[in-house]
Amino acid sequence: MTRILAIAGSPSHPSRTYGILEYAAKLLEKEGLHIDIISVRDLPAEDLVFGKYDSPALEQPKALLAQADGVIIATPIYKAAYTGILKAFLDLLPQKSLTGKVVLPLATGGTIAHLLAIEYALKPILGELGARHILATVYAVDKQIQKQPDDSVLLDEELEQRLKDVLQEFVKAVKFSAIESPQLAHAN
């Protein structure tokens, strides 16, 4: 079975970022993919802050990452960069842990002005972790995502279509990658 790890990098919950990640996960489950979602905010703060590479709390996220064929990383953009909590988590991952995996960055922000933050801030660290197949980012402005009373989200039509398009591309890329090099994808 094709496995996807979705990583929520928002320090708050519920959040628009988590909502869009959950929305994407539901669409992918309809395609027959297995989705695991981890929220970095749920990891022990002291492990992240003090860089405890050997933390028992990181064993499950690292195992899920090793098993994943594809990875979705979702983050809000604050001060023109992805969140510090996400950075702390990514710093604790094994070197080259994204090798052989298709990666889809999703980001939210208050203004379109932060769109390029993914290009100059997040993508370099993903590359350092071995990601070579990084799909086009879906960046959403907060006003395109309406939080619902049940903590789900309602996306505006344009955003919903962009997300569906990139998820179709993601599914194809992940399935192709799993067929082409299954031993490489799970060698981490």
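Modeller: Charges to begin with: the chain carries 19 positive and 23 negative side chains, and the centres of the two sets sit 2 Å apart (Lys and Arg count as positive, Asp and Glu as negative, with His and the chain ends not counted; each charge is placed at NZ of Lys, CZ of Arg, CG of Asp or CD of Glu). Bear in mind that this is a predicted model, where local features need pLDDT of at least 70, side-chain atom pairs count only at pLDDT 80 or more, and totals for chains, interfaces and linings use all residues. Residues are numbered from 1 along each chain as its sequence is written, and side-chain values use heavy atoms, leaving out hydrogens and water.

The chain has seven helices and nine strands (DSSP runs numbered from the N terminus: H or I of at least four residues for helices, E of at least two for strands). Of its 188 residues, 49% are buried, meaning under 20% relative accessible area with a 1.4 Å probe, protein chains only.

Now for α5, residues 117-128. Its 12 residues reach 17 Å from first C-alpha to last, close to the expected 16 Å, which is 1.5 Å times one less than the number of residues. Buried residues here are Ala117, Ile118, Ala121, Leu122, Lys123, Ile125, Leu126 and Gly127. What do the buried residues of α5 pack against? They pack against strands β3 (70-78), β4 (81-82), β5 (102-109) and β6 (133-134), plus helix α4 (84-91). After α5 comes glycine 130, with a positive phi near 100 degrees.

Methods: Buried means under 20% relative accessible area, exposed over 50%, partly exposed in between (1.4 Å probe, protein chains only). Contact means heavy atoms within 4.5 Å.
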